[in-house]
Amino acid sequence: IGAGLALGSVPSWLITIKVLLHLWLCGVGMYAFLRRRGNPAPACYAGGALVLLGYPVLHNSFTALSWSFAWVPWLLLAVDAWAERPTAGRGVLVALPAAMATLAGGMAALWYGLLVAIPYGAWALWHQACRGDDRRGHLRRAAANLFAGALIFAAITAAQLAATAAALPETVRARRDLDFFGTSVLDGRDLIGFAVPRMAGENTYLGVAAILWAAVLVAARPTGRTLVLAAIGAIGVVCALGIEAPFLPFLASLAAPFEMFRRAHRYLYVFAIPFAVLAAEGLGYLATLDDEATRRRVRRGVALAGGAIAMACLVGWAARIHAPIPPDVLRDMFGAPPRGTPDAVRDAFAWGVPAALLATGLTWSIARSSGATRRRWVWIAVIALVDELWFARAHKIDRSLQAAPAPRHDAAVAALVDQGESRIYDRDVIGWRPGTRLHLRDFGGYEDDPLALRRYAALLGSARAGARQLGHAGVRWLFESRPDLTAKGAADQAVLRPLDVGRGGHELAAVAPRVAWYDVAAVVDGERAALAALVATAPGTAAVLEASTLTTEEQVRATQVDAAATPVVSGRVTGFARNAITVEVDAPGDGVVVVNEAWFATGWSARVDGAAAKIVPANAMFRGVFVGPGPHVIEMRYRAGRYGWLALLEVAGLLAAAVVIGRERRRRSTS
């Protein structure tokens, strides 16, 4: 934030630094958690690498999901310490990483982290309570101190959570269904891809060595902790399958948070940390195993498991070689590549054979050696694992770590577009968020955002089905990387003029004015009916209001003809800022002024010539204000209301956390 304020902007390199710092934070947190458990250093490095190079973090590295998820290892570390010795300070330390994960913006990642931390914490607390002489006292102290931590968490996050909760009813997330939270991109290839490098699909490779280490730990030391972690990881995988398995829909029927977050494959975040912990601690177990009989059993099991994986990969490779058009079962699972083209599945199986043999050989050598030789083998295995994961996921890394943008059409667009008066709609031609970067009013942006305003999403969907409908949103310039991204029938072609910008630039001839007075308005029932009525008219020719938002008197005013000769009069914007807009209009009679800016249920207020006025939704997603005849100045302002006071509570919560932790440290240092 400081760098952005100093620079006056947020360049791409600054965003990249933020991304990399969060990745570093996640990896160091994983290392710290494993190290506190007494694992040898190389095993801790392996755990950090497994999280960072795993599918979820890499796939979403430039999003707030990974920014929030970066705090989850620290949350587990704090939960571990609190369960071991529940004090007020440690209860607060549980609250802090949870609060940071919340404030980082990826609420879904916080939810995935809680699905790991809550069951793990419950087991850890019960386990520690049973080890002492005063089990009930331990549990009571833990509950009291966790409650104190919960108060700190609530204070720190109240402003963010309250603002988000207020926005939810107006967003597309308010209309959730099975497809919203259950859609997943994972299929059979991705499950097999756990053990096969460079598999086609999502490339979910875990590393054969890591799989063997986790399996050794679960099989040789099936403690309560190990089994809890394994169960959490299994739940993450079955939830990631979404509607392809019944588990996630069943959980969604029991608990609302399971239906709050889209794209079920992201539940692999729930799997990532338990698997990394099991693999790292499995390696740590092998590095300290001295019982010869157990070591022999481990070597035998590793040889059998690794050999089975290598043989399965060999069979898969051979099947693809000898069946250019695969049998039905292979076709259904992997798809049939055209003859003579590269076969990603075949090549992945080919890579799987040496990967399995290498992992088996290294793990077998660790289990066979001792002393300094074993320590060397452990380090070699960790380095080999990191190299293999990097190799297997190289193309994912290339795509995830975005290069600095090099826009090619900025100058042409700047010369063409009148800043402020009309909107653009960019679909991958100008690139890199042209609205904020070039100070243009872009109707697009992060499309299909699950927190997009519901009315905006509906109008955008209508515009995609017919390019002329963009005119209702004040869009004059349409830029598309492919001409088929937005449907263009005969009626659409009639209002489009091709531009020499990109491969799909067009100017729309019919565009609604930014401010317009309408003598009469159509009054319909609900926002869906409002959109249907709007798109049946030409942009800028009609106003549509919703009966449920109007009083009886306002409905009469909306439908009464006062100036039949001039049904529409354009106004003008005289002031425009982040949280305020001022417009002027000369109304021939009583009517409604539509301001072509997004309507939102809370926060916005209006004054007409200094007197308070009501804002109503108009033209499906914009703002309407009733005015009488004559010239008018209309001011609209947004105020966060209680957000400002709750933000002060966040500061108070942080200060309280510092006081509690500081007092506890002083008491401990003097005792």
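Predicted model: local features only at pLDDT ≥ 70, side-chain atom pairs only at ≥ 80, totals over all residues.
**Exercise 1.** Describe the lining of the second largest pocket, by residue, by element and by class.

*Solution.* Begin with the residues: 19 of them line the pocket, and Leu75, Val94, Ala98, Leu114 and Leu146 lie nearest its centre. Next, turn to the elements, where helix 6 (72-84), helix 7 (88-103), helix 8 (107-131) and helix 9 (135-167) each give two or more residues to the lining. The largest share, 7 residues, comes from helix 8. Finally, sort the lining by class, which gives 16 nonpolar, 3 polar and no charged residues.

**Exercise 2.** Work out how helix 6 is oriented relative to helix 9, and which residues make the contact.

*Solution.* Start from the geometry: the two helices pack at an angle of about 140°, with their axes 9 Å apart. Because angles over 145 degrees count as roughly antiparallel and 65 to 115 as roughly perpendicular, with the rest beyond the roughly parallel range being oblique, helix 6 is oblique to helix 9. The contact joins Trp82, Ala83 and Glu84 of helix 6 to His138, Ala142, Asn145 and Leu146 of helix 9. By class, these residues divide into 4 nonpolar, 2 polar and 1 charged.

**Exercise 3.** Carry out the analysis for helix 3 (residues 41-52) and helix 19 (residues 371-392).

*Solution.* Their axes come within 9 Å and cross at roughly 10°. Angles under 35 degrees count as roughly parallel, and therefore helix 3 and helix 19 are roughly parallel to each other. In the contact, Pro42, Tyr45, Ala46, Ala49 and Leu50 of helix 3 meet Val378, Trp379, Val382, Leu385, Val386 and Leu389 of helix 19. Sorted by class, this contact has 11 nonpolar, no polar and no charged residues.

Conventions: Residues numbered from 1 in each chain as written. Heavy atoms only, no water. 1 Å grid on protein atoms, 1.4 Å probe; cavity = no way out; pocket = protein on both sides within 12 Å on 5 of 7 lines; lining within 4 Å. Helix = DSSP H or I, 4+ residues; strand = E, 2+ residues; numbered from the N terminus. Nonpolar A, V, L, I, M, F, W, Y, C, P; charged D, E, K, R; others polar. Axes fitted to C-alpha atoms, helices over the stretch in contact; angles between N-to-C directions. Contact = heavy atoms within 4.5 Å.
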